[in-house]
Amino acid sequence: MSAGLWESSGLRVTWDKAHQKAQFLGWNKKVGVRIGSAKGVLDGTIVDLGGIPFVYEEQLYVPARFLVRSLDGTTVSWNAAQNLYIAQGLKYFSSASVSYGGATYTVDKKNGNLYVTAPTGEPKLLAKLGSELYDMVQFDFKKTPKGLVYLTITDVYGEPHINNKWYTLILKDGMVIRQDSVKYWMRYGENVKMYGNTLVLTDGKKLRLIEDGTGKVTAVIDLVKLGGEADTYLVEGMDDDFLLIRPNQKGLLLLIERKTGKQTLLYQKLLDTEQQKYAETNDLPFYGDYLKFIKREGNALLFTNEYVRDGKIYKYLLAGK
């Protein structure tokens, strides 16, 4: 049977320099075989393969019963009429890992469990993300001024990678004290992580403001109520006196001045007539405007227009203090 089934089950393959020995690694799963040898390694134990691995047309083949057993399968049989093996109970062992602060963080893609492993210890469950992860998983760690760690795990998946899910966790002394997740469709902007001494967590509907150091929730903002759309929102900019949010579907960046409640669709103020029409009607690769918040300078919020990339800085002035 083709050893490609191991890779389809989430194991990563590495070969030795002579291309005679292959090792397949996944979460809590290790398999090793050598071409021409009836012995192999399964989860650290030398075992009898029940046959001899070989390579044919650059593809590795291994005994079917061993391959199924290595994936915790229960039965395997040969269907001569259809010329194929039938197996049941095969498991998936895909994971993604990264090292940070002397520890290894690993997410089991199948069940969404996040583990942490100290250099000399066993894996410990750190958090349950709540859903399966699929494809392009990335970790981002940000240490706050007062010693918290803001961890973002992103998963971009679906063909052609149109789903974008964010898992956000706040860690204190190695423990998760706050977490959230949000899913976007055909929208890839990055959410604000913190401003000043305030951390930001969102599920796309609600926005929680977290005090640095203590992890205390200081406020909860209803994004759906503010935005007026029954949608999921990105949070693209924030400070004590303003909030920038974008609904996933319409994609029009909305400025909310927090002290007065004033709301402004920025494309109507910053773009010319032609660009406004485009923002209202385009649908490729996604709906809405392409305004990107760059930074704040005093009372001025600065943006670029990523659609035309004209090098211009578009400026919006907040109400005077």
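Leaving aside its neighbours within four places in sequence, which residues is Thr 202 in contact with? The views below belong to a predicted model.

View 1. When neighbours within four places in sequence are set aside, the contacts of Thr 202 are Asp 180, Ser 181, Val 182, Tyr 184, Asn 191, Leu 207, Leu 223 and Val 235. Thr 202 has a relative accessible area of 6% and is therefore counted as buried, the cut-off being under 20%.

**View 2. Polar atoms of the Thr 202 side chain and the backbone of Gly 204 and Lys 206.** A polar atom of the Thr 202 side chain lies 2.9 Å from the backbone nitrogen of Gly 204. For Lys 206, the backbone oxygen is the atom concerned, and it lies 2.9 Å from a polar atom of the side chain of Thr 202.

**View 3. An open sheet of three strands.** The strands follow the order β26-β27-β28, and their pairing is antiparallel. Strands β26 (291-297) and β28 (314-317) form the edges, each pairing on one side only. From one strand to the next, the twist averages 30°.

**View 4. Pairing of strands β27 and β28.** Strand β27 spans residues 300-305 and is joined to β28 by four bridges. The two strands run antiparallel. Leu 302 has Lys 315 in β28 as its bridge partner.

Notes:
Residues are numbered from 1 along each chain as its sequence is written. This is a predicted model: local features need pLDDT of at least 70, side-chain atom pairs count only at pLDDT 80 or more; totals for chains, interfaces and linings use all residues. Side-chain values use heavy atoms; hydrogens and water are left out. Buried means under 20% relative accessible area, exposed over 50%, partly exposed in between (1.4 Å probe, protein chains only). A polar contact is a pair of N or O atoms within 3.5 Å; within protein, one must be able to donate a hydrogen and the other to accept it, and residues adjacent in sequence count only if both atoms are side-chain atoms. Contact means heavy atoms within 4.5 Å. Two strands pair if DSSP finds at least two bridges between them. Axes are lines fitted to C-alpha atoms, for helices over the stretch in contact, and angles run from 0 to 180 degrees between N-to-C directions.
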